[in-house]
Amino acid sequence: MNEDIFWQLIEDCRPTGPDPDFERLAAALTEHLAQSPVCVVTGFAEQLAWTLYRLDRRELGQNLSGDAFLYTRCAVVAAGRAAFEDVLRDAGAFAPFATDLIWAESLLYIPVRAYECVTGEEWHHNTRYSYESYSNTGGWAA
């Protein structure tokens, strides 16, 4: 899955109306991916990990716990491509997500649940990039 397809999928699955913790978005994405081939599920996982990895930078997460930083980065992704690109360009665009503790932890479980629906097996896939907080050593270099 390429980056454009990843972002289009997020946009296509975005619910109308309020979705404060992005639970409805996560459910819609999971449902969509559960109807897809395994390669689409793993491709989504790779793009999600890569996107979160790119947000794993000192200027964004230095005042947050590891979990808070991860879930807040998820919220940036859930907010869409424009929000993601704004944060990459200007670290100040991350502040509202961090200050208001906007989290989207549920995005992390989308590939796991979709994979289990498609295959009937447990997820044992490691993505090329780690989405865990502080794993992007280049983003945390002094």
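Mentor: A disulfide here is a pair of cysteine sulfur atoms within 2.5 Å. This is a predicted model, in which local features need pLDDT of at least 70 and side-chain atom pairs count only at pLDDT 80 or more, while totals for chains, interfaces and linings use all residues. Residues are numbered from 1 along each chain as its sequence is written, and side-chain values use heavy atoms, with hydrogens and water left out.

Trainee: OK, how many disulfides does that rule give?

Mentor: The count comes to 0 disulfides. Cys 13 is in none, as the nearest cysteine sulfur, that of Cys 117, is 14 Å away.

Trainee: Is Cys 39 buried or exposed?

Mentor: Taking buried as under 20% relative accessible area, exposed as over 50% and partly exposed as in between, with a 1.4 Å probe and protein chains only, Cys 39 counts as exposed because its relative accessibility is 56%. Cys 13, at 11%, counts as buried.

Trainee: Switching to helices, which residues of α8 are buried?

Mentor: Helices are DSSP runs (H or I, at least four residues), numbered from the N terminus, and in α8, residues 110-119, the buried ones are Ile 110, Pro 111, Ala 114 and Tyr 115. They lie on the same side of α8 because they cover an arc of only 115° around the axis, the arc being that of the directions from the helix axis to the C-beta atoms.

Trainee: What covers them?

Mentor: The cover includes α2 (23-34) and α3 (38-55).

Trainee: How do α2 and α8 pack?

Mentor: They pack at an angle of about 35° with their axes 8 Å apart, where axes are lines fitted to C-alpha atoms, for helices over the stretch in contact, and angles run from 0 to 180 degrees between N-to-C directions. With contact meaning heavy atoms within 4.5 Å, Ala 26, Leu 29, Thr 30, Leu 33 and Ala 34 in α2 meet Ile 110, Arg 113, Ala 114, Cys 117 and Val 118 in α8.

Trainee: Last one, what is Thr 51 in contact with?

Mentor: Thr 51 is found in helix α3 and counts as buried because its relative accessibility is 1%. Leaving aside its neighbours within four places in sequence, Thr 51 is in contact with Phe 6, Trp 7, Val 77 and Phe 84.

Definitions and conventions
Helices (H or I, at least four residues) and strands (E, at least two) are DSSP runs, numbered from the N terminus.
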